[in-house]
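My entries follow the order in which I checked things.

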Amino acid sequence: MSTTLKSLRALSDPTRLRIVALLERDELSVNELQEITRLGQSRISTHLGLLQDAGLVQSRREGKRTFYRLNPQAGGATGEFIQLAIRGAQELPEHGGDQINFKRILARRREQAQVYFNQVAGRFDRVYGPGRSWQAFGHLLLRILPPLVVADLGAGEGLLSELLARRCKKVIAVDNSERIVAFGAAKAKKNGLKNLEFRRGDLQTPPIEANSVDVVILSQALHHAEVPAEAIAAAHKILRPRGQILILDLLKHNFDKARELYGDRWPGFAESDLHRWLDTAGFRKIEISVVAREEAPPHFQTILAGGEKA
């Protein structure tokens, strides 16, 4: 098969156009491409193999990882095909999300703390040691919390709120269920947590004064919001300048029964959507990453998103 026909064949698939457009920005590993596009690893590898066979991309090894980039020697017709592919990718509906996720990946490269944490977590799970547990680590980390005012939105019965209240200056737990708020308030009183206050309210209009809290937490709550973007904007409003938002939620999934079983409004979220909503609300220093993956079906993945109020 001629070089021209190979190039045309390699660029006949929309996914390969997306990959070419991403590699035009910088070299990327298979795992990074997978995280950006949300496609399976084997599928990404197959597409990269076709592009490499056509002479459109090159690869290099770095330890256990393989990085791919556009062929810098591609000229003539091949170079023209690459430019057409990049323009074609810009017309695809996935292009905007790909670009947001690409920026997030590059930011994470510069900030290696998350990578190190994942390595530590992996070692922690593999090696047993007497007295070593996530429960113990959690209490240790609580001890170093500064005296913050925290809003726990969508707090439910307030498990997280109770833990935070043992160290924070004040915790405001918000939930839209009158029964749950009453239960949480009674339990807080029983446990002597005078700095834990339960309030009934909605995620999109939390009953908290503007510019009054240091941290807003949405822990597995945002997928219950009627309009997630409005909930994030409301969190921005109640935060003090330089206050932090922390969102712990599910990565977008295809488990349709979640609505019926758990009352979820949304099947998780794409990182690109969370990034866009945070940016639109006025948050800066946005960081989003997958922090947990369940081994059992339906293999839910948990994402942690954060940002700072400018």
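These notes cover the sheet, the helices packed on it, and then a single aspartate.

Entry 1. I noted before anything else that this is a predicted model.

Entry 2. I looked up the strand order of the sheet. The sheet is open and has seven strands, in the order E6-E5-E4-E7-E8-E10-E9, and its pairing is mixed. I then checked the edges: strand E6 (196-200) and strand E9 (283-293) each have a single partner strand, so one side of each is left without a neighbour in the sheet. From one strand to the next, the twist averages 15 degrees.

Entry 3. I looked at one pair of strands. Strand E4 (residues 149-153) pairs with strand E5 (residues 170-175) in the parallel sense, over five bridges. Val150 has Val171 in E5 as its bridge partner.

Entry 4. I asked which helices pack on the sheet. Helix H11 (residues 228-238) does, touching E4, E7, E8, E9 and E10. The direction of H11 makes about 150 degrees with that of E8. Helix H13 (residues 271-281) also packs on the sheet, where it touches E8, E9 and E10. For H13 the angle is about 155 degrees, taken with the direction of E9.

Entry 5. I went back to strand E5 for Asp175, which is found there. Is Asp175 buried or exposed? I found Asp175 buried, with no salt bridge. Arg200, the nearest side chain of opposite charge, is 7.6 Å away. The side chain of Asp175 does reach the backbone nitrogen of Gly156, at 2.9 Å. Leaving aside neighbours within four places in sequence, the contacts of Asp175 include Gly154, Ala155, Ile180, Val181 and Arg199.

Methods. Residues are numbered from 1 along each chain as its sequence is written. This is a predicted model: local features need pLDDT of at least 70, side-chain atom pairs count only at pLDDT 80 or more; totals for chains, interfaces and linings use all residues. Side-chain values use heavy atoms; hydrogens and water are left out. Two strands pair if DSSP finds at least two bridges between them. Helices (H or I, at least four residues) and strands (E, at least two) are DSSP runs, numbered from the N terminus. Axes are lines fitted to C-alpha atoms, for helices over the stretch in contact, and angles run from 0 to 180 degrees between N-to-C directions. Contact means heavy atoms within 4.5 Å. Buried means under 20% relative accessible area, exposed over 50%, partly exposed in between (1.4 Å probe, protein chains only). Lys and Arg count as positive and Asp and Glu as negative; His and the chain ends are not counted. A salt bridge is a side-chain nitrogen of Lys or Arg within 4 Å of a carboxyl oxygen of Asp or Glu. A polar contact is a pair of N or O atoms within 3.5 Å; within protein, one must be able to donate a hydrogen and the other to accept it, and residues adjacent in sequence count only if both atoms are side-chain atoms.
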